[in-house]
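Hi,

Here is the structure I said I would pass on. My notes on the charged side chains follow below it.

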Amino acid sequence: MPHRKRSTEKQLIEKWAKDTHFNKTEVQALVKQFKRLCSDAGKDANGPGHKSKLSRQTFRDILHNTFNMTDDILMDRVFRAFDKDSDSYVSMDEYIKGLSIFIKGNKQENLKFCFHVYDLNGDGYISREEMFHLLKTSIIKPPTEEDPDEGIKDLVEMNLKKMDHDHDTRLSFDDYKLSVELDNLLLEAFGPCLPDDKMKEAFLEVINETPQTR
């Protein structure tokens, strides 16, 4: 049985190295890292079948401690972007494939990822209300401003004017994609949901330095 388990894991590693942006060495390091995270968070697992998955809280801790994310809404949305089967846990497969986009994603993958994060109700659009909700939690408000909500509303209207190309008062994926193609800074227009280059490099350095075990 242990031999079969090692053989299956070896096949999965080969598959992940083929299907993601990570090379085989990086995948092996991520597998080891994932197992350690699950082990460290053993008390956080609820019930059988989840001791080999990361809970929402453990994953949020990773986002906070490793990637300096602090916004509760955005951390929850990133978690949901990783949790493809919506079981409220992140499996090893979801972890590695999610990190492939989060750390090494190409432009198209980053566009889809960020749009999914910002589309809070999953209806395929970023509404005026969703923009307000996202910006309200991610923008530091000046203490002297009498009504900070008014400033956020103005920012929402500015973003709509700039990004709503079909003028239907909401952003479709096509609106968002075209806007980012015209100005790449708009990729994270509604809050930081991807690590910057420095954090990506630091993460890759850590996993590339992880000793491999058979």
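Keep in mind that this is a predicted model. I'll start with Asp149, which forms a salt bridge with Lys136, the closest N and O atoms being 3.7 Å apart. Asp149 sits in helix α8 and Lys136 in helix α7, so this pair ties together parts that are 13 residues apart in sequence. Both ends are partly exposed: Asp149 has a relative accessible area of 22%, and Lys136 has 33%.

Arg128 and Glu157 meet in a salt bridge at 2.7 Å, N to O; Arg128 is in helix α7 (residues 128–138) and Glu157 in helix α8, 29 residues apart. Lys153 also belongs to helix α8 (residues 148–163), and its C-alpha is 9.1 Å from that of Lys136.

Over in helix α4, Arg80 and Asp76 lie four residues apart, about one turn of the helix, and they form a salt bridge at 3.0 Å. Asp76 counts as buried because its relative accessibility is 18%, under the 20% cut-off, while Arg80 is partly exposed at 42%.

Asp71 is buried yet has no salt bridge, and the nearest side chain of opposite charge, Arg60, is 7.8 Å away.

Last, have a look at the surface patch of negative charge formed by Asp196, Asp197, Glu201, Glu205 and Glu209.

Cheers

Note on methods: Residues are numbered from 1 along each chain as its sequence is written. This is a predicted model: local features need pLDDT of at least 70, side-chain atom pairs count only at pLDDT 80 or more; totals for chains, interfaces and linings use all residues. Side-chain values use heavy atoms; hydrogens and water are left out. Patches are made of residues with over 30% relative accessible area and no salt bridge: like charges are joined within 9 Å, nonpolar side chains (Val, Leu, Ile, Met, Phe, Trp, Tyr) within 5 Å. Accessible areas come from the Shrake-Rupley method with a 1.4 Å probe; for residues, only the protein chains shown count as cover. A salt bridge is a side-chain nitrogen of Lys or Arg within 4 Å of a carboxyl oxygen of Asp or Glu. Lys and Arg count as positive and Asp and Glu as negative; His and the chain ends are not counted. The place of a charge is taken as NZ of Lys, CZ of Arg, CG of Asp or CD of Glu. Buried means under 20% relative accessible area, exposed over 50%, partly exposed in between (1.4 Å probe, protein chains only). Helices (H or I, at least four residues) and strands (E, at least two) are DSSP runs, numbered from the N terminus.
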